[in-house]
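Please keep the sequence and the structure in view while reading.

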Amino acid sequence: MSEKLQQENVAFLEGGGQMGELMRSFNWAETALGTPSSWPQSLKSMLSLVLNSHYPMLLYWGANYYCFYNDAFRISLGSEGKHPRILGKEGKESWSEMWSTLGPLLDGVFANGKPTWKENLFLPINRNGTLEDAYWTFGYSAIKNEKNEISGILTICTETTSSVEAVQKLKASEDELKFAIDATDLGTWDYDPIHDKLKTNPRVKNWFGLDTKEKIELHQATNAIIEKDRHRVNAAILESFDINSGGKYDISYTIRNKQTGQERYVRALGKSWFNSDNVAYRFNGTLQDITDQQKSLEQLKLNENRFRQLVKEIPVGICILSVTDFTINVVNDMALFIWQKTLEEAHNKPLFEVLTEIKAGILPIFEKLIITKKAQFGNEYPFILERNGVKETGYFNFIFEPIIANGIVTEIMLVAFEVTQTVKARFELEESERQFKNFVMQSPIPMGILRGKEMIIEMANESLLNVIWRKKRHEVEGISMLEVFPNLITSKYPEIILGVMKTGLPASEKESFVFFKDEKGSWEFYVDYDYIPLRDLDGVVTGMMFTCTDVTDRVQARKKSELFSKNLEKQVILRTNQLKEANDKLQVSIRSLENRNKELEAFAYVSSHDLQEPLRKIQMFADRVASREVANLSEKGLQDFNKIISSAERMRTLIEDLLAFSRTSNQEAKFETVNLEEMLLEVMDTLSDKIKATGSSIEHDSLATAAVIPFQIRQVFQNLIENSIKFAKEEEAPKIKIKTLIVPGENLGHLNLSSEQTYAEISFLDNGIGFDPEYAEQIFELFKRLHGKLEYKGTGIGLAIVKKIAENHHGAIIAVGKEGAGAEFKLYLPL
């Protein structure tokens, strides 16, 4: 510790490795923070924690976000650049290249104290002498001082660039593997033994005759295996699930397509993967259709055991020749298929008698192999073959392997795979590209192609050169567009072009103003342009094709039309002002009505509350009289006293219902997206005692998810359920069925609902006493009752509340019923 710090007794900076030593020797007196001894205790404590932590930490202090960091974080700053320059410096200066992202995050934490967390965030950093791409996982936590005020922010940070890049490379590898699998006509499967989940590519499902769009289970696939092979395959799968087997799976069997009945002979190669408990958690691999190979093997097994062992399950042409006169000793069906020969025409005959046309091309290769005793290889090697009486060029990948005995080449094994279709497809692709370039060059629309971040001009047609750029071909092709037109550097176009190449998304604009300038002069005009990304086979954007059309005449004509329209607009403005004056008067009237409505609602609410106070006293003193004097009352007096209590109870219910009805008009209630089934379960829990006491049963489906005012919808559910329980038949326990349908608004025109909206129809169907259909609308009116007060208790407000809440939600409710046959209420809520 320096003498200066020893005098100030700043023990909180002890330790901390290189950063601790750097902070102790730093001249803090010349900074805005002042000497360490004057720092607040909260800063000292946090610095002691940061310096002695082995986890990367960065501390921002104060409103200017002064920077402190430890040894673990210093590594992320690189060998040159920020370290130690940013120590004690403001955050905006220290992290200028990423402040547009970090600044708002820090300001948010500093303002509200809520921590934040970012994972694998892309933030380039200036370090090691250049701006490097980097990914970070970090969290911000507010630090409070002794006054419980936010005075700093602690950053726990880890650079995840390596892991993110590794994931990206893994994704690229997976894409390459998928391409390779598709190119080799392999089926793939991936099975989760623990959860019995099976995934396959479409090729496997097609082979097995299964629906390519449906999820399948393992037994569906194994059931497609013919019966005589099925037990053997199931046993092999179970064996691979045993850790002692090593998890390997290699078996061939026959499958029968469930739809077409076609049989295939396939080879399955796979492996089981085991967790720490030695339980197989994954089983995957590939499936190869080796039907043709198997047929060849079965035929050749009758002729020669050596050939059977050699060509087993290999989908390529194979033959073995003697070196004396190149007699064909062994040949498989694939080779015969390629040659268009039968076994009788080829077996035990000299190769160049069977295929006279290939001698000139192959004989030199044979001679080199015999001399060097080394295998000879060829890729896309052209051979002229006579097929069906016509000579044509075929392309092959081949290996000619010497068979050596006693140091001498005695036989030559030929393994060849025809790739004629692939080669021809590539030729066709190249021809297509050539035709595409011809189309671009001959198009009357100005078109061109740019490549790479440097925007190198790869191609420009005559229209582009003559009409737009006014350049010669040799002046632009192979040169950066910004080098040809340097004045475009400050324009918007480089950013748009690079954005298309970076995102892979096309861009276009109508009537864009363009200004070109070179040593010959300058010219300006308006164009419609389209920028389209160009991709390689791997999907990477490497360039951009653009088209542009000179629309200067159109723009100028429109501007003249706009000038003409301005005179007409002046006349319209006069009329508009008159309409606005009338509208302002109408708005004043509307606001006046709204204010009166609010006053009425407030009056109803306050009045309802004030009415409850004397009512509570009536009930309280009635309870006291009942407890003391009930024995002294005559039978008539007791009847009158009970009527007083019943009337007070009805009054209390009426006031509560009035309060509920007034709350349904609250326009400031907030809508929330909720699961209506969960809300229904809450209401059923609230009414559980009443449901149990009445023996009621409630069935419901999953309802729906909608944006609603939660407390109002709870009120609707509760009122409708209580209504069904209240109006139950005496001899039957209440049964309530709640179901949901999704209904387009165009089918609900009779309810005055929006035809462009979709609605959830939630119906409440009960087995109660029902009602006369002629009262289907009246039952929703305020204080409307279809029965006497003593017969069924209530105020006649419950269903009026339900209707008002439905209207608050821009929905509707209707009632369907029949006397003695139950009632159904259908609630419509917009989704």
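## Overall make-up

The protein chain holds 26 helices and 29 strands, where helices (H or I, at least four residues) and strands (E, at least two) are DSSP runs numbered from the N terminus. This is a predicted model, in which local features need pLDDT of at least 70 and side-chain atom pairs count only at pLDDT 80 or more, while totals for chains, interfaces and linings use all residues. Residues are numbered from 1 along each chain as its sequence is written, and side-chain values use heavy atoms, with hydrogens and water left out.

Of the 831 residues of the chain, 39% count as buried; buried means under 20% relative accessible area, exposed over 50%, and partly exposed in between (1.4 Å probe, protein chains only). The accessible surface comes to about 48,300 Å², of which 53% belongs to carbon and sulfur atoms, as computed by the Shrake-Rupley method with a 1.4 Å probe, and for residues only the protein chains shown count as cover. Among contacts (heavy atoms within 4.5 Å) with a separation of 6 or more, residues 24 or more positions apart account for 53%.

In helix α2, residues 17–25, the buried residues are Met19, Gly20, Met23 and Arg24. Seen down the axis of α2, these residues fall within an arc of 135°, so they line one face of the helix; the arc is that of the directions from the helix axis to the C-beta atoms. Gln18, Glu21 and Ser25, on the other side of α2, are exposed.

Helix α23, residues 676–686, has Leu676, Met679, Leu680, Val683 and Met684 as its buried residues. Seen down the axis of α23, they fall within an arc of 140° and so line one face of the helix, whereas the face turned away from the buried side carries the exposed residues Glu678 and Asp685. At the start of α23, a side-chain oxygen of asparagine 675 reaches to within 2.8 Å of the backbone nitrogen of glutamate 677.

## Hairpin and backbone sites

Strand β15 (residues 376–387) pairs with strand β16 (residues 390–405) in the antiparallel sense over 10 bridges, pairing being assigned if DSSP finds at least two bridges between two strands. Lysine 391 in β16 is the bridge partner of glutamate 386. Two residues lie between the strands of this hairpin, in which asparagine 388 takes a positive phi near 55°.

Positive phi values near 60° are also found at tyrosine 65 and at histidine 810. A cis peptide bond, with omega about 0°, joins histidine 83 and proline 84, and proline 84 is placed in the loop between α4 (71–74) and α5 (91–94).

## Nonpolar cores

A nonpolar core is a set of buried Ala, Val, Leu, Ile, Met, Phe, Trp, Tyr and Cys residues joined through side-chain atoms within 4.5 Å. The largest has 44 residues, of which Leu59, Tyr60, Phe68 and Trp95 touch the most other members. The elements giving two or more residues to this core include α2, β1 and β2. Apart from it lies another core, of 38 residues, among them Val683, Ile736, Val802 and Ala815.

Terms used: A polar contact is a pair of N or O atoms within 3.5 Å; within protein, one must be able to donate a hydrogen and the other to accept it, and residues adjacent in sequence count only if both atoms are side-chain atoms.
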